[in-house]
Amino acid sequence: MTKVNILSPDVIAKIAAGEAVDRPASVVKELLENAIDAGASSIEVHLKDAGKEFIHIKDNGSGIAYDDLEKIFQRHATSKITAIEDLEKLHSMGFRGEALYSIAAVSDVILTSRASEEDGWQIHIRGGVRQDLQPASLANKGTDIKIAELFFNTPARRKFLKNNTSELHQILNVVVPYTLIYPEIRFVLTHAGRTLLDLRPAPSQLDRAAAALNVEMNHLLETDQEFVEEQIRVKMILGNINIQRPRRDLQFIFINNRPVESKNLSFNLNDVYKLILPPGVYGTFIVNISLNPANVDVNIHPTKREVRLKDEARIISLLRRMTEYQLMHKGQAKQFSHPGEISPPLVGGVRGGGLPADQLIFAPGQLQHRMSPPNVLVGGPNTSLSGFPTKAFGNDNPMGVDDNMKDFQLFGEDNTLRSKFTRARYVGSFLQKFLIFEADESLLIVDQHAAQERIMFEKFRDQIERSKVESQPLLTPLLLKLTPQERIAWEELQDKLTAAGIETNQFDDDTIAVQTQPLLLKNIEAVVRSLLAGAEAPRMDRDTLARRACKASIVAGDKLDGSQADHQRQQLLLCKDPFTCPHGRPTLIEVTQDFLDRQFLRA
């Protein structure tokens, strides 16, 4: 009995559609590229239910001739290539001829188009089957395509779509790169009748970048260099030190005007940014590399998101040199516009810094004032903090510590460690990061900033849970320009921000005003941007909100004296979970005398 089945055309079509179309953003991407290839100078995208129910895209490009209307919905029907050799001289966005075929296989499509002086025509395809073809009225040349009921015949695919906020984030992540690389095109994006983007043609890529990303143009550096020998041209727009992001959300790489993902290029560009940015924050860059199409393989990914470059190492070397020169020689100094200035306290019991006396973490002494995030102890999944291999985590060994390493412990027994830490004596500090305490026959080493984060997190979470967050108004509201993605997150997260003591309101279409700041938190701009980062922001629970807020607020490099270090020890002991930071890193490790004796061959 045969076990091999020949799949039906219907099943083949749905499988093929899954490779190119996996969510509404995939549909928008494919149709956006078609409009750009058609030479459109205006592209409109209108959505309902984040594209799950309805996607409407209009362009004023060259249109589709009547003779081609039915062909374009057939698999591998394309006007871009005729032979395999054409892939080596490809300048268009699309080339496989699968987009419309894949979209029509899993949705209801009505496409109306007019080419040049021809009359307009309309074709209706549902689930890959033609329903109708008839003349249609269209005032000007171009294409109008409506996609309804996406994945109506593939319920498994539809079931895995995310909520509207997440899907809108994905669509914006698709649209924004094209707006950056094609400043001469007008882009409009609306959702449920509300405008998310309306970018009119810009005189330059720099103007478009400032408008699309909602950043100050004077914080952007532009350079354009051609390397004749390598046959490479590189155009770059770099954000200077004044644009600092909690994520890599304003980083864009293009190869021959095509948005791509490249871990190697991205890693090296971010590595150069470490020269001017503190750890934990990321720079902004728009990099467009133009090179011979024969040296680029764009056919290695179903959605063309990844490419393979010939002589990638040489390209990386050129990019690093260009980026470093621009940042180090053309960049500006860090600018301050009085953000987060706290008004004088209005009630008793609050010190000049704005923090209640009983909640000072580094007291007696000054609060932190620098803005760089912490350096932390990190290790791979199978290494201990000492750098030695450990066993996999298990119920009988929850911290994964090797039996031979028990005298270099993360915690030891909880009661024993708490008891030792309670009577520990401060010895000194190392690198302004680690506090060293002595207790019995052990050294206890505290990561002071992981410990600070734990203390702040528990205090802040407790205030949120009791709806008694202590906050203070800012003398001057902090104005934050938001990206479209951040704006969507803010609209859904606004009530949670208020509950966390961060009152905000809309200043204009793209800007919010931060009115209050929790007394426990510093660097309120970093806190707000961290909370708004990512499509999951609106779904944050109170623990996650407090964790992310405290992490963004933590600063590094503070030197503590003995009384401050001992006060932090006492505050840490009051925590419910004192021996890990909110993100799971240890706050303290124990080094025993036996371990040190063996290292010095005294055992």
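Student: How much space lies in the second largest pocket?
Tutor: On a 1 Å grid over the protein atoms alone, a pocket is an open set of points where a 1.4 Å probe fits, with protein on both sides within 12 Å along at least five of seven lines. Grid points are joined across faces, edges and corners, and a volume is the space filled by probe spheres set on the points. The space in the second largest pocket is about 1,200 Å³.

Student: What kind of model is this?
Tutor: Residues are numbered from 1 along each chain as its sequence is written, and side-chain values use heavy atoms, with hydrogens and water left out. Local features need pLDDT of at least 70, side-chain atom pairs count only at pLDDT 80 or more, and totals for chains, interfaces and linings use all residues, for this is a predicted model.

Student: Which element gives the largest share of the lining of the second largest pocket?
Tutor: Lining residues have an atom within 4 Å of a point. Elements are DSSP runs numbered from the N terminus: helices (H or I, at least four residues) and strands (E, at least two). With eight residues, the largest share comes from α5.

Student: How many residues of the lining of the second largest pocket are charged?
Tutor: Asp, Glu, Lys and Arg count as charged; Ala, Val, Leu, Ile, Met, Phe, Trp, Tyr, Cys and Pro count as nonpolar, and the others, Gly among them, as polar. The lining has 20 nonpolar and 11 polar residues, and the number of charged residues is 11.

Student: Why is the pair of Phe421 and Phe437 classed as it is?
Tutor: Rings of Phe, Tyr and Trp (its six-membered ring) pair if their centres lie within 6.5 Å; planes under 30 degrees apart count as stacked, over 60 as edge-to-face and the rest as tilted. Phe421 belongs to helix α9 and Phe437 to strand β18, 16 residues apart. Because their ring centres are 5.7 Å apart and their planes stand at 85 degrees, the pair is edge-to-face.

Student: Is Phe421 buried or exposed?
Tutor: Buried means under 20% relative accessible area, exposed over 50%, and partly exposed in between (1.4 Å probe, protein chains only). Phe421 has a relative accessibility of 1%, so this residue counts as buried.

Student: Over which ring does the charged end of Arg126 sit?
Tutor: A charge sits over a ring if NZ of Lys or CZ of Arg is within 6 Å of the ring centre and within 35 degrees of the ring normal. Arg126 has its charged end 4.2 Å from the centre of the ring of Phe152.

Student: How many residues of α6 are buried?
Tutor: Among the buried residues of α6 are Gln205, Arg208 and Leu213. The helix is mostly covered, for of its nine residues the number buried is seven.

Student: Where is Ala50 found?
Tutor: Ala50 has a phi near 55 degrees, a positive value in a residue other than glycine. With a relative accessible area of 0%, Ala50 is buried. Ala50 lies in the loop between β1 and β2.

Student: How far apart in space are Leu588 and Asp447?
Tutor: Leu588 lies in strand β23, and a relative accessible area of 0% makes Leu588 buried. Leu588 and Asp447 are 141 residues apart in sequence, yet their C-alpha to C-alpha distance is 6.2 Å.
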